[in-house]
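Please look over the sequence and the model before reading on.

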Amino acid sequence: MNITYGFGKVVGLPFDQAIERVTQLLRNEGFGVLTDIDVAATFKKKLGKDISPYRILGACNPTLADRAIALEPSIGLLLPCNVLVRQDEKQQVHVEFMDPIAVLALVQRADVEPVAREVRARLERILEAL
């Protein structure tokens, strides 16, 4: 993966198992999944288009979100942390995380950076466990 706003890897799990595993690992790190957007199902329903499995999980750690919102009330525009689980044309399953350091840098406040680093550290532990 070669992007500046996220990080991830290919995992050796079927798509549905990857969703379950990521959800459990998020829970272990204090995150809940607030939203689960099934892009493939939406494209099928709204556009009549078939695409490979593609889901965006909106993950939130309430304690860390509370800290960030207390520092910058409008930061909710950048929350929750998106976790993408997608299957490519080779049937490989990718798990990718929004980089909170890159995204929260948009706020341009040094006091928000420690929160972003804590979120990133937790997401990196999840990636390592996959």
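Helices (H or I, at least four residues) and strands (E, at least two) are DSSP runs, numbered from the N terminus. The model is predicted, with local features needing pLDDT of at least 70 and side-chain atom pairs counting only at pLDDT 80 or more, while totals for chains, interfaces and linings use all residues. Residues are numbered from 1 along each chain as its sequence is written, and side-chain values use heavy atoms, with hydrogens and water left out.

A cavity is a set of points, on a 1 Å grid over the protein atoms alone, where a 1.4 Å probe fits but cannot get out, and its lining residues have an atom within 4 Å of a point. Grid points are joined across faces, edges and corners, and a volume is the space filled by probe spheres set on the points. By this rule there is 1 cavity of 30 Å³ or more, and the largest cavity has a volume of about 130 Å³. Among its 16 lining residues, L64, A65, L79, C81 and V119 are the closest to the centre. At least two lining residues come from each of β3, α3, α4 and α5, and α3 gives the most, with 3 residues.

**Nonpolar core**

A nonpolar core is a set of buried Ala, Val, Leu, Ile, Met, Phe, Trp, Tyr and Cys residues joined through side-chain atoms within 4.5 Å, where buried means under 20% relative accessible area, exposed over 50%, and partly exposed in between (1.4 Å probe, protein chains only). The largest such core has 31 residues, of which L26, V83, V85, V95, F97 and L123 touch the most other members. Elements that give two or more residues to this core include β1 (6-11), α1 (15-28) and β4 (81-87). Leaving aside residues up to four places away in sequence, F97 is in contact (heavy atoms within 4.5 Å) with residues including Y5, V83, L123 and L130.

**Salt bridges**

A salt bridge is a side-chain nitrogen of Lys or Arg within 4 Å of a carboxyl oxygen of Asp or Glu, and a search of the whole structure finds 10 of them.

| Salt bridge | Closest N and O atoms |
|---|---|
| D50 and K44 | 3.2 Å |
| R109 and D111 | 2.6 Å |
| R122 and E118 | 2.6 Å |

D50 is exposed at 61% relative accessibility, whereas K44 is partly exposed at 44%. R109 and D111 are also linked with E72 in a network of salt bridges. R122 and E118 lie 4 residues apart in helix α5 (residues 113-129), so about one helical turn separates them.

Technical notes: On a 1 Å grid over the protein atoms alone, a cavity is a set of points where a 1.4 Å probe fits but cannot get out, and a pocket is an open set with protein on both sides within 12 Å along at least five of seven lines; lining residues have an atom within 4 Å of a point.
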